[in-house]
Structure formats: C-alpha cells, structure tokens
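Please open the structure in your viewer and keep the selection tool at hand. The tour moves from the whole chain to single residues, with one selection at each stop.

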Amino acid sequence: MTESEGPKQPASPAPAAIEWQRRLRTAAAHALGAMGRTLISAGALLLLFVVYQLWGTGLHEARAQHSLSDEFEQLLRTTTTIPTTTISPSTTIVETTEPAPTTTLEVQPPEVIAAFNSGAAIAHIRAPKIDLDKIVVEGVEVDDLRKGPGHYRSTPMPGQRGNAAIAGHRTTYGAPFNRIDELDPGDEISVSTLQGDFTYKVLPQTDESGDVSGHLIVSPNDVWVLDDMGDNRLTLTACHPKYSANQRIIVQAVLVVPPALTPKLVSKPSIDVTRSTVDGVAPTTLADEPVIAREDLDAGLGGDGSHRWPAIFWGLMVAVFMVAIGRSTRRWGRIRSWAVSALPLVLVVFVFFEHLDRMLPAR
C-alpha cells in the first residue's frame, strides 16, 4: 500500500440489507412492547384479583351475614325448642308454634325435626377472644362457605350429642376463622341454635414436639377429626397456613352444659305412612334415617372443579377485550376507547374472578 492510497474504507451495506435490519428492529420493538403490555395487564389483573379476594369477597359475606342474621332471628321468634312436630302435605318436617293445618299429620315423638336446606341459617357462633361472631349456615360446599361458617351435614347439630363440626375461611369471605390459631385450652366458644344456648371449652392439643396449644394441624385427608370421640364436642376446621390450602387447622372444644335432645334427622324425608286411621287421621311412622355421606375436610375448602372451564372461557374473554381495546386506541384514541370499553370490561373481569375464585382452594 502506498502513502497516496491511504486506508481502505469498509464497503457500505447494500440497501436491501439495511431495510431488512430496520424491519427486524421494528418487529423486535413491537414484540417487546406487546410483551410489556401483556405483562403489565397480567400484573394488574393479578393485583385486582388479590383485592377482590381480600376485600370484595368480604363485602359479599357481609351482605349474606346481614340477611342470615335476620333469617335466624325470625326462626328464633317463630320456633320453639320441642314443639309438636308436624308433617305438611309436601312431606317437609318442621317445628312450629303455629297451629297445625287440618291437613297435617301429627308425629310422635315430637323431637323429630327436618334437616335444614343448604345455605340456611342454623346457628350463631361466638368466640369473644378472637372476635368471632357469625351466623352458621348448613353445608360446607363452596357456595355455603361464601356466606359464612358452614356446618358439616354428616355431623350432629351444635349442642347435640356427638361431634358437631363447622368449617370456615381464614382470609377470604369475612375470614370468620382467621384467628382460631389464637384459641388456647379453656377458652370459651358459645353456640346458639333453635334448641338453646351451648357453651364449649377448647381442648388442649399436643404437637409432635410436645408443645400444648388449642389447635392441631392435619392433612385434608384426616377425616377422623370429624368422628364421634365418645363425648360431646365442637370441631372447627379451616385451611392452614393462611393464604394456603395445603393443610387444615383444627380446634376442638368440649360441651360444658347438658346436651340438647338429638332429633332424628330427616332431609327430603322418605316417609312410610301406615294407614291405621283413628278419627279419620292416619298416624305415621318415619322410614329409616337417611344416610348422609361423610364430607371430607376438602369439601368446600378444596374449591369447585366444575368452574375450571368457565374460568378459562372468561379469562380468554378478558384477553380478547384487552386486545380489542389496544387496537381501538390507535383508531379512536385512548380516552374514547376506554370510555366505551370500561364498563363491559369490568363486567367480564368480575365474572372471570367469580369463577376463578370458586375454582381455587379456599383461603
């Protein structure tokens, strides 16, 4: 190389290569932008779902408890503890202080009562130490526990002989059992039912390390905690640890007052009417007590798998709405697009959260 030639300059890239590089950078920028918007939207939805879980579900439970309180007070005003029991023409056995219609059939003994329908108010539970003051509903399915603590239908009613069991949430839907881990041996739990007021005292529990407390931790499969232990007790069950459903926390308390009469349980009763007419009225006998399958500790606390596909469908609808809003902002502008789309999007998100919440294990 001679001094006059100087250093050689690199060859300029071809115009086609420059255009290809520009398009590649543009596509990468669009992809990163779309990914960023997707992650931001997913994060916002996750945050909203947490808000819905911790506070929105509490509002739902508060409304249900207000209605249940009125329902239970009405039951207390219109029902006595051991009245004459009647069978209405619809074969539902009820206890009432109202005069029986001429078409009803008196049943002896009078302690026979009807099982409550799922979700109906059956008791009022209080534990002053942990600020527990809730109406208990019948049943432990997902929809039952959204209203408040739920009574295991396969166990006796609170106050009766045997092991009465109640389940409840710890962090959502009013979190009625949020602080049951703070109950110590000897602490009182009171329950009021149509049969009267009953007081229980928490039993001591010893863990593997020998420490004594008012609770024990078991797996969701340990249904033995619902068994009759030969005494009269109350068993409270909830998920453990908080914000998880991996285990169950159990508090058991023994009845310290005389138990109530244990009625024969009749749900959707199957009645064998023996026609031995006296004065034109046929006496009745009840068929065998109906068998109610033993619930497990995962009943309503384990979530409802039937909502899986609705949750997926409405989740996809939320995604479609978000994409449509993103596209419409380019044509109509952000303010106009959100003004038109905000309300439908909120409704779709709410339905999605409802199905997702019912599908997930209880917290």
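**The whole protein.** Begin with everything selected: 37% of the 363 residues of the protein count as buried, where buried means under 20% relative accessible area, exposed means over 50%, and partly exposed lies in between (1.4 Å probe, protein chains only). The model is a predicted one, in which local features need pLDDT of at least 70 and side-chain atom pairs count only at pLDDT 80 or more, while totals for chains, interfaces and linings use all residues. Residues are numbered from 1 along each chain as its sequence is written, and side-chain values use heavy atoms, with hydrogens and water left out.

Switch to a cartoon view. The secondary structure comes to four helices and 18 strands; helices (H or I, at least four residues) and strands (E, at least two) are DSSP runs, numbered from the N terminus. A surface view would show an accessible surface of about 20,400 Å², of which 59% belongs to carbon and sulfur atoms; such areas come from the Shrake-Rupley method with a 1.4 Å probe, and for residues only the protein chains shown count as cover. Among contacts with a separation of 6 or more, 63% join residues 24 or more positions apart; contact means heavy atoms within 4.5 Å.

**Helix α1.** Select residues 15-78. This helix has 64 residues, and at 1.5 Å a residue it should span 94 Å; its end C-alpha atoms are 91 Å apart, which agrees. The expected span is 1.5 Å times one less than the number of residues. Where does α1 bend? The place is Tyr52, and the bend is about 40°, taken as the angle between axes fitted to the seven residues ending there and the seven starting there.

Now colour the buried residues of α1, which include Phe49, Tyr52, Gln53, Leu68 and Phe72. Their cover includes β5 (121-127), β6 (132-138), β9 (188-193) and α4 (334-359).

**Aromatic rings.** Next, show the side chains of Phe, Tyr and Trp. How many aromatic pairs does a search of the whole structure find? The search finds six; rings of Phe, Tyr and Trp (its six-membered ring) pair if their centres lie within 6.5 Å, and planes under 30 degrees apart count as stacked, over 60 as edge-to-face and the rest as tilted. Select Phe313 and Trp314, an edge-to-face pair with 5.3 Å centre to centre and 80° between the planes. Phe313 counts as partly exposed at 44% relative accessibility, and Trp314 is partly exposed at 25%. Then select Phe352 and Phe353: their ring centres are 5.8 Å apart and their planes stand at 40°, so this pair is tilted. Both Phe352 and Phe353 are buried.

**The nonpolar cores.** A nonpolar core is a set of buried Ala, Val, Leu, Ile, Met, Phe, Trp, Tyr and Cys residues joined through side-chain atoms within 4.5 Å. The largest has 34 residues, and those touching the most other members are Ile125, Ile180, Ile189, Tyr200, Leu234 and Leu236. The elements giving two or more residues to this core include α1, β9, β10 (196-202) and β14 (233-240). Which element gives the most? It is β5, with five residues. Centre the view on Tyr200, whose contacts beyond four places in sequence include Pro158, Ile189, Leu234 and Val254. A second, separate core of 14 residues includes Ala165, Leu226, Ile250 and Leu301.

**Val140.** Select Val140 in the loop between β6 and α2 (142-145). Is Val140 buried or exposed? At 3% relative accessibility, Val140 counts as buried. Gly300 is 160 residues away from Val140 in sequence, yet the two are 5.1 Å apart in space, C-alpha to C-alpha. Contacts of Val140 beyond four places in sequence include Tyr152, Ala167, Glu295 and Gly300.

**Backbone details.** Most residues other than glycine have a negative phi, and most peptide bonds are trans. Select His240 and Pro241: the peptide bond between them is cis, with omega near -10°. Pro241 sits in the loop between β14 and β15. Finish in the loop between β8 and β9, which holds Tyr173 and also Ala175. Phi is positive in Tyr173, near 50°, and in Ala175, about 45°. Tyr173 is buried, with a relative accessible area of 3%, and Ala175 is buried, with 19%.
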